[in-house]
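Here is a brief report on how one protein chain is put together. Keep the structure open while you read.

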Amino acid sequence: MLLTITYTGKDTQHLGYLLYKNPHRPQAFDLTHGKAYVFYTEISDERTTAALLLDINPIDLARGKQSGLFDYVNDRPYAASSFMSTAISKVFGTALSGRADDFQALSDSPINLTASITMLPCRDTDKLPKIFEPLKYSLSYETFLADENFSDWGISKYVNLTISGKVRLCDLLKHLYVLIPVFDRQKHYWVGEEEIEKLLRHGENWLTEHPEKEYIAAQYLNRQRRLVNIAIERLTGEITEKPPKTLNSERLEKIVSTLKEFGARKVIDLGCGEGNLLKLLVKDRHFTHVTGVDVSDAALQRARKDYSLAESEIELFQGSLVYKDARFSGYDAACVIEVVEHLDISRISTFERVLFKFANPPLIIITTPNKEYNTHYEKLGNNLRHTDHRFEWTRAEFVEWAERTAESFGYVVKILEVGEADEIHGAPTQMGVFSCKE
Ligand code: SAH
């Protein structure tokens, strides 16, 4: 898939400074599922064109990390999609942010730019002007027969789209970042709450006023009604004082308040990931000792890089919940947040002993998805919420496990729901608060 950006006017080679990409030196970048290449197809005073070419590996998508997301035969190597947005932010990140050092004045000015996107999935071409014209682009597009040898197969669902306008480069990149995946509905990653932040951040300055903002938000967020509602409320400012809580922040707040309720000051977060809970704990003086553990070195490295954690007294170490570990002992409370579902079901009994018997803190908080609630996530079908989940529990299954485990190890358990509950399926997250019987 190919995106070209053409600057016309005078001194147009300066496009190289705006994009932070030398026009005379083609460059390659590694992406998770392939490579991106940047090169220029024309350079002159009046007209300069930069090209971003993606080479996505379809086999990688069908197996490996993202297994199951795509079939072996898929259009991903060719179609403009969320991969292009990821590449734009990775390869043109500085330009996307609007920063241009010595060329700031040019970066801040609307200039004549044309972008061409090959193979944009688009079944409904009427949408193209509705989406791009309010942003003051003129547009043209080319359609094709699905197959030249079989004209009765009709028109292909892909178009080559060209948009032109007098815009700032950063605005053009933001429009492309958001709008390419609006046309292509298959995101190559799980769409969760972080996507709302991405949409709002890149939609800043233009999405609120866009007559198709609801359509754009819905498509961008894979039509997940709960996420779309939050995005629209925040866009239209209907809830101005305080943005509605995301599930993640609601979960974290409930954990923090439960820890306080039990007077826990020394806390260990097992399977801490990038440290979302740790960040809350370290900035709260109530907690005197905060430790994070994860099996993934990459996650720990990301946590270490986080500014608020790097500056704190926090302890972080690598360890696994399915191996007895003396370092897990001596805490007032252990949190295991959205982690059990990543363990092989055959290892759960080992995990129980590691945590309840050997670490044996007075308080244990465990959260896990409620499988019944998955019917709210349209795109999920029969899948689990994350490709690395080994299982997900229904409410009955979780209660059964939690009560049996509490009973075996001398704890009492209280089950709570987190997130907006619906009458039939319950809430998205379930939480068990286990306290040690004296
Ligand atoms: N608790 C964090 C991260 C949840 S994602 C949060 O709520 O944001 C699940 C995490 O569990 C991942 O970081 C993964 O590396 C970690 N994990 C998976 N198996 C583990 C194991 N056996 N021991 C410790 N951590 C594990």
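The text below covers a sheet, the helices on it and the nonpolar cores.

This is a predicted model.

Seven strands form an open sheet in the order 10-9-8-11-12-14-13. The pairing is mixed. Strand 10 and strand 13 each have a single partner strand, so one side of each lacks a neighbour in the sheet. From one strand to the next, the twist averages 15°. Strand 13 and strand 14 run antiparallel, joined by 8 bridges. In this part of the sheet, Val418 stands opposite Thr429 of strand 14.

**Helices on the sheet.** Helix 15 packs on the sheet and touches strand 8, strand 11, strand 12, strand 13 and strand 14. Helix 13 lies across strand 9 and strand 10. The table gives the angle of each helix to one strand.

| Helix | Residues | Strand | Angle |
|---|---|---|---|
| Helix 13 | residues 297-305 | strand 10 | about 165° |
| Helix 15 | residues 348-359 | strand 12 | about 150° |

**The cores.** In soluble globular proteins, nonpolar side chains tend to be buried together. Here the largest nonpolar core has 67 residues. Leu52, Leu54, Leu169 and Leu172 have the most contacts inside this core. Helix 7, residues 169-183, gives the most to the core, with 10 residues.

What does Leu52 contact, leaving aside its neighbours within four places in sequence? Its contacts include Met1, Leu2, Leu3, Tyr37, Met84, Ile88 and Phe92.

A second core is separate and has 30 residues. Among them are Ile268, Val293, Trp393 and Tyr411. Strand 8 spans 266-270, strand 9 spans 289-294 and strand 13 spans 411-418.

Notes. Residues are numbered from 1 along each chain as its sequence is written. This is a predicted model: local features need pLDDT of at least 70, side-chain atom pairs count only at pLDDT 80 or more; totals for chains, interfaces and linings use all residues. Side-chain values use heavy atoms; hydrogens and water are left out. Two strands pair if DSSP finds at least two bridges between them. Helices (H or I, at least four residues) and strands (E, at least two) are DSSP runs, numbered from the N terminus. Axes are lines fitted to C-alpha atoms, for helices over the stretch in contact, and angles run from 0 to 180 degrees between N-to-C directions. Contact means heavy atoms within 4.5 Å. A nonpolar core is a set of buried Ala, Val, Leu, Ile, Met, Phe, Trp, Tyr and Cys residues joined through side-chain atoms within 4.5 Å. Buried means under 20% relative accessible area, exposed over 50%, partly exposed in between (1.4 Å probe, protein chains only).
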